[in-house]
Amino acid sequence: MSETIFALSSGRGPAGVAVVRVSGLRAGDAVTLLTGQPVPAPRMAALRLLHDPHDGEVIDQSLLLWFPAPNSFTGEDVAEFHVHGGPAVVSGVLTALGQQPGLRPAEPGEFTRRAFLAGKMDLTQVEGLADLINAETEAQRRQALRQMQGVLANLYEGWREQLVRALAYVEADIDFADEDDVPEHVSAQVKDAIERLSAEIASHLADGSRGERLRDGLGVAIIGKPNAGKSSLLNALAKREVAIVSNIAGTTRDVIEVHLNLGGYPVTLIDTAGLRETDDPVEAEGVARARARAQAADLRLHLTPYGEEPETTEGESLSVITKIDLGGGSPGHRDGRFYISVVTGAGLTELVAHLADWASKALGGGESVLLTRERHRHALEACRAHLHAALTQPDLVLMAEDMRLAARALGRITGRVDVEDLLDVIFRDFCIGK
């Protein structure tokens, strides 16, 4: 690539240290222009003063690192300036770099895109890096790190290699059927291999979308009649005042969402309008939204005040009896219900522990290889469809073509083949400097 790019690669805002990265053919020139000295030894930190190239004024004192191509993140020459993280310092360094010919600010995800194009990462690892940057819980971090380290890539590339080897036997059977070194009954052996591979992919697909749900988080809707304690429970679980709590029925008129970390798993709590019939058009709209959001949630907490008859719950639901402090009830989990008091905190620990255990089971509980993207799922389903077609082909030539299409579908997941149309989509959500 002809252009040299630069950007702040650490978080924005005042900080002790900020990292400004430069990548490209002119990265070394940028070092010399700002420091007045040649690049330091590769991967050895050097303390250098940074000067404004125009007037020589000192911008900051920097710890400088130099990564010559191809042994860098992007595969290009890369310089990293570790400077003090104040906005004025960062602005001064970026301005000085921007004034140099041949240098320009990086686009979002451009460093990582160059790493992919240089063969430093495949697409699943790129997506894993994006997930790692955005991870909010321990489980999300673990899944993203495994993917960035190549767990998914190794699985999918292993399948592709099996398919390519099987395809080679089919093509040998087509082209050299009369040769002595071509095993007999090759097509039968290949069909066995295809069936095994198809079964492995089917098992991988039958994961309940746990990997994707781990990335996005589970939804838990809090539902019940007005004044059942829904907003109070939401505030107690969030440990802050998120929703308005009032004895006046119909206070919550829209859906309120709060993102929580339960036992290392991401959960979105959804406070909904009280479920009742009403002539108020605004509240009626809130009730309609509540019903729709509750229906789409992974789990529903159905709240009933102590002393009232709980309604029958269906599907993924928990019956929670609230306000036990007002009626003299005891906290705990019995008769398939949780008994709690938000005012005293009684029973909340048991409820939270149950939710964390449910989230762990729903999201895989530590499984190492999970699908994390809808595009992976589509590609694997396409692969299986081609494998099924290959097994039903009466002609070896047609069988080979379906096997090639199946291998191509696998290759698109990691980016080995035909992915130009995917790149903009994959990199558009990256931050600048990544």
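Two strands are counted as paired if DSSP finds at least two bridges between them; strands (E, at least two residues) and helices (H or I, at least four) are DSSP runs, numbered from the N terminus. The structure is a predicted model, in which local features need pLDDT of at least 70, side-chain atom pairs count only at pLDDT 80 or more, and totals for chains, interfaces and linings use all residues. Residues are numbered from 1 along each chain as its sequence is written, and side-chain values use heavy atoms, with hydrogens and water left out.

**View 1. Parallel pairing of β7 with β9.** Strand β7, residues 218-224, runs parallel to strand β9, residues 265-271, and five bridges join the two. Within this pair, Thr268 of β9 stands opposite Gly219.

**View 2. The seven-stranded open sheet.** The strand order is β8-β9-β7-β10-β11-β13-β12, and the pairing is mixed. Strands β8 (256-262) and β12 (332-334) form the edges, each pairing on one side only. From one strand to the next, the twist averages 25°; axes are lines fitted to C-alpha atoms, for helices over the stretch in contact, and angles run from 0 to 180 degrees between N-to-C directions.

**View 3. The six-stranded open sheet.** A further open sheet has the order β3-β4-β5-β2-β1-β6, again with mixed pairing. Its edge strands, β3 (46-51) and β6 (103-105), each pair on one side only. The average twist between one strand and the next is 30°.

**View 4. The hairpin of β3 and β4.** Strands β3 and β4 run antiparallel and are joined by six bridges. His51 has Val58 of β4 as its bridge partner. Six residues lie between the strands of this hairpin, in which Gly56 adopts a positive phi near 75°.

**View 5. Antiparallel pairing of β4 with β5.** Five bridges connect β4 (residues 58-67) and β5 (residues 78-83) in the antiparallel sense. The bridge partner of Leu65 in β5 is Glu80.
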